[in-house]
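Hi,

Here is the structure I promised to pass on. Have a look at it first, and then read my notes below.

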Amino acid sequence: MSSIDGGDIRKLVVACDAGMGSSVMLAAQLRRELRKMPVIVEHHAIASIPSDADVVLCQAGLADRVRAGAPRSVVVGFRMFLGDPAVARVVAAVKQGGVVVGTTGG
Amino acid sequence: MTTNVRPVLEVRGIRLHETAADRESAVHRCADVLEELGAVHPTYREAMLDREWAMSTYLGEGVAIPHGLDKSRALVRRDSLVVLRFPDGVDWDGHPVTVCVAIAARGDGHVALLAALAQILLDPERARELRETTDAEAIVAMLSQEDL
């Protein structure tokens, strides 16, 4: 999928190679920011992204691999673990509504 | 969360006066300390270097979080975090790093600590304290703080 409305997001997954470090941290941040919203935030290694993930956040360089492994999810790439604008847009869409558009290209 | 995070991060895992010529040497030092604490099998070091080579673990605010790969989880003996400070800074792919929070995890025992780290780094004043305090206990306390 290439886009989804923020209000339709029920499961947000942060994916990374190991599912041990960076994705864990970003997921913790998002869980905190979205704790009042009806959204489940999980972190997973790329190889085990659940098929019901509505949106998958990953480092931009991993987006192609994630798209291949999660064809039904909107994949959003980011570059910074702190204060990335792409991540902020997803958070805003969940909270206030608006469309989340998947990142295209690598 | 009621998890007792103490065993994951201990005062003896905090090193305030490290030096490293480059990023690779810094990751080696992180692996040294994890090994010294008995947290990982010696070959975990290779996974840390592979991960770092594949993609930088730089987070922001002068902090990097070296760790292994999914396939190296079996090399972790117990979930552990160690904190190494490099007062002279290490060039991390263009970013100056003075704090490495190195991770060895086979489960989720370290998640609360990483959540605390994220909160610290979002607050410039606390981020500075993490980079500058000379009190190892204070670092353990900062990272062990329960999510508010």
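Before the notes, one term: a pocket here is an open set of grid points with protein on both sides within 12 Å along at least five of seven lines. Please also keep in mind that this is a predicted model.

So, how big is the largest pocket? Its volume is about 250 Å³. Sorted by type, the lining has 5 nonpolar, 4 polar and 3 charged residues.

Next, the place where the two chains meet. On one side 18 residues of chain A are in contact, and on the other 27 residues of chain B. Together the chains bury about 1900 Å² between them, and carbon and sulfur atoms give 65% of that. Which residues of chain A lose the most area to chain B? They are Met20(A), Met25(A) and Arg32(A), and together they make up 35% of what that side buries.

Two elements of chain A give two or more residues to the side that touches chain B: helix H1 (22–33) and strand S3 (40–45). H1(A) gives the most, with 6 residues. That side of chain A divides into 9 nonpolar, 6 polar and 3 charged residues.

How many salt bridges cross the interface of chain A and chain B? The rule finds 0, and the count of residue pairs in polar contact between the two chains is 1.

Over all chains, though, the count comes to 14 salt bridges. One of them is formed by Lys11(A) and Glu42(A), whose closest N and O atoms are 3.7 Å apart. Lys11(A) sits in strand S2 of chain A (residues 11–16) and Glu42(A) in strand S3 of chain A, so this pair ties together parts that are 31 residues apart in sequence.

Cheers

How values were computed: Residues numbered from 1 in each chain as written. Chains lettered and ligands numbered in written order. Predicted model: local features only at pLDDT ≥ 70, side-chain atom pairs only at ≥ 80, totals over all residues. Heavy atoms only, no water. Contact = heavy atoms within 4.5 Å. Buried area = accessible area lost by both parts, 1.4 Å probe. Salt bridge = Lys/Arg side-chain N within 4 Å of Asp/Glu carboxyl O. Polar contact = N/O pair within 3.5 Å; in protein donor to acceptor, adjacent residues only side chain to side chain. Helix = DSSP H or I, 4+ residues; strand = E, 2+ residues; numbered from the N terminus. Nonpolar A, V, L, I, M, F, W, Y, C, P; charged D, E, K, R; others polar. 1 Å grid on protein atoms, 1.4 Å probe; cavity = no way out; pocket = protein on both sides within 12 Å on 5 of 7 lines; lining within 4 Å. Points joined across faces, edges and corners; volume = space filled by probe spheres on them.
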